[in-house]
Amino acid sequence: MNLQDTQEPTPPFSAADSQEPGASPSRGVTGDDRYSAPKIGGLFESISRGEPFPTVTHSEVERDLSVLDVKKFNLWYGDSQALHDVSLTVPRGKVTALIGPSGCGKSTLLRSVNRMNDLIDSVRIQGEMQLNGDPIYGPTVDVIELRKRIGMVFQKPNPFPMSIFENVIYSLRIDGVRDKRELAAVCEKSLRGAGLWDEVKDRLKDSALRLSGGQQQRLCIARAIAAEPEVLLLDEPCSALDPIATGKIEDLIDELRGHYSILIVTHNMQQASRVSDNTALMYLGRLVEYGTTQKIFMAPRLKETEDYVTGRFG
């Protein structure tokens, strides 16, 4: 298959064409770029047959200073290969979205970053991952110390069965911090950073389990950023939330941009276009196309990417 073969481009389209009714305008997708995806076709069928395919990476995303580098990363569950030669750079201070159909490897890749897949006996990996130049995988890597450098928030809020205060400062307790002033300062700073301080400042001793689902998810984000992670991983953080709570999480992600490097998995195309700076499309364990969110949604190079982000596939 020759990726240089092209046909006449389709007329320009707006990312708003694929937005849900009432959705707020996209933060990530702006401008009036002319759509110019080449009409290749057949790529997903080729990948399904196991044929090799080089990722189409836009030059714009290669210019950023990276915080996380993934190089030819492969992962197997027993005899079944889940990730195939994935190479990806996550830029410092920006939001990168992983999109693709269910089962394409998005969450597997995300969980590989903080080595959660180590907990599965049948897993084996090949390739490299580096966090600010330090290897993530290797015989000398201290996984506990590594995970202190990486924050993670899951699909379903998972506050600990303890007070709001103790949830936020949990990582500091683990590190042996006992200074009450320092703990209080970190708690307030983190809750403010998560947009939750004004809602809970008078009930920090209450159980975190008494918070609403949206508040619990923001509490989990506050707990993650309290450790000042080098990268923040968000695995579909809004999938279990109502539209109002989802909007607050998206606003929070926008506020965290620049202060934290964020890698987010989402099934929601409108959400990806609203919150991310860069977007990567995955399919059957392969990274298909990676570029700025504006280019991926307005001027992708592959027809398959166009079909996916406009809802004609997946």
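Two strands pair if DSSP finds at least two bridges between them. By that criterion, strand 2 and strand 5 (residues 123-131) of this predicted model pair in the antiparallel sense over eight bridges.

**Figure 1. Overview of the predicted model, with its twelve helices and eleven strands.** The protein has 314 residues, of which buried residues make up 51%. Among contacts between residues at least 6 apart in sequence, 73% join residues at least 24 apart. Two open sheets are shown in the views that follow: one of four strands in the order 3-2-5-6, and one of seven strands in the order 1-11-10-4-9-8-7.

**Figure 2. The four-stranded open sheet, with antiparallel pairing in the order 3-2-5-6.** Strand 3 and strand 6 (134-135) stand at the edges, and each has a single partner strand, so one side of each is left without a neighbour in the sheet. Strands of a sheet pair through backbone hydrogen bonds, either parallel or antiparallel. Strand 2 is joined to strand 3 (residues 80-91) by eight bridges, and these two strands run antiparallel. Eight bridges also link strand 2 with strand 5, again in the antiparallel sense. Between strand 5 and strand 6 there are two bridges, with the strands running antiparallel.

**Figure 3. Strand 2 and the residues that face it across the pairings with strand 3 and strand 5.** Strand 2 is mostly covered, with nine of its twelve residues buried. On the strand 3 side, D69 stands opposite T89. On the strand 5 side, L68 is opposite L131, and W76 is opposite R124. K72 also lies in strand 2, which spans residues 66-77. This lysine counts as exposed because its relative accessibility is 57%, the cut-off for exposed being over 50%. Its phi is near 45°, a positive value in a residue other than glycine. Most residues other than glycine have a negative phi.

**Figure 4. The seven-stranded open sheet, with mixed pairing in the order 1-11-10-4-9-8-7.** The edge strands are strand 1 (56-57) and strand 7 (150-153), each of which pairs on one side only. Within the sheet, strand 4 (residues 95-99) pairs with strand 10 (residues 278-283) in the parallel sense over four bridges. T96 of this pairing stands opposite N278 in strand 10. Helix 2 (residues 106-113) packs on the sheet and touches strand 4, strand 7, strand 8, strand 9 (262-265) and strand 10. The direction of helix 2 makes about 150° with that of strand 8. Helix 8 also packs on the sheet, where it touches strand 7 and strand 8. The direction of helix 8 makes about 170° with that of strand 7.

**Figure 5. The contact between helix 8 (residues 213-226) and helix 9, whose axes come within 9 Å.** The axes cross at roughly 20°. Angles under 35 degrees count as roughly parallel, and helix 8 and helix 9 are therefore roughly parallel to each other. Their crossing is right-handed. From helix 8, the residues G214, Q217, R218, I221 and I225 take part, meeting A245, K248, I249, L252 and L256 in helix 9. By class, this contact has six nonpolar, two polar and two charged residues.

**Figure 6. E236 in the loop between strand 8 (231-235) and helix 9 (243-256).** E236 has a positive phi of about 45° although it is not a glycine. This glutamate counts as buried because its relative accessibility is 13%, the cut-off for buried being under 20%.

Methods:
Residues numbered from 1 in each chain as written. Predicted model: local features only at pLDDT ≥ 70, side-chain atom pairs only at ≥ 80, totals over all residues. Heavy atoms only, no water. Buried < 20%, exposed > 50% of the residue type's maximum accessible area, 1.4 Å probe, protein only. Axes fitted to C-alpha atoms, helices over the stretch in contact; angles between N-to-C directions. Parallel < 35°, antiparallel > 145°, perpendicular 65-115°, else oblique. Left-handed = near helix turned anticlockwise from the far one by under 90°. Contact = heavy atoms within 4.5 Å. Nonpolar A, V, L, I, M, F, W, Y, C, P; charged D, E, K, R; others polar.
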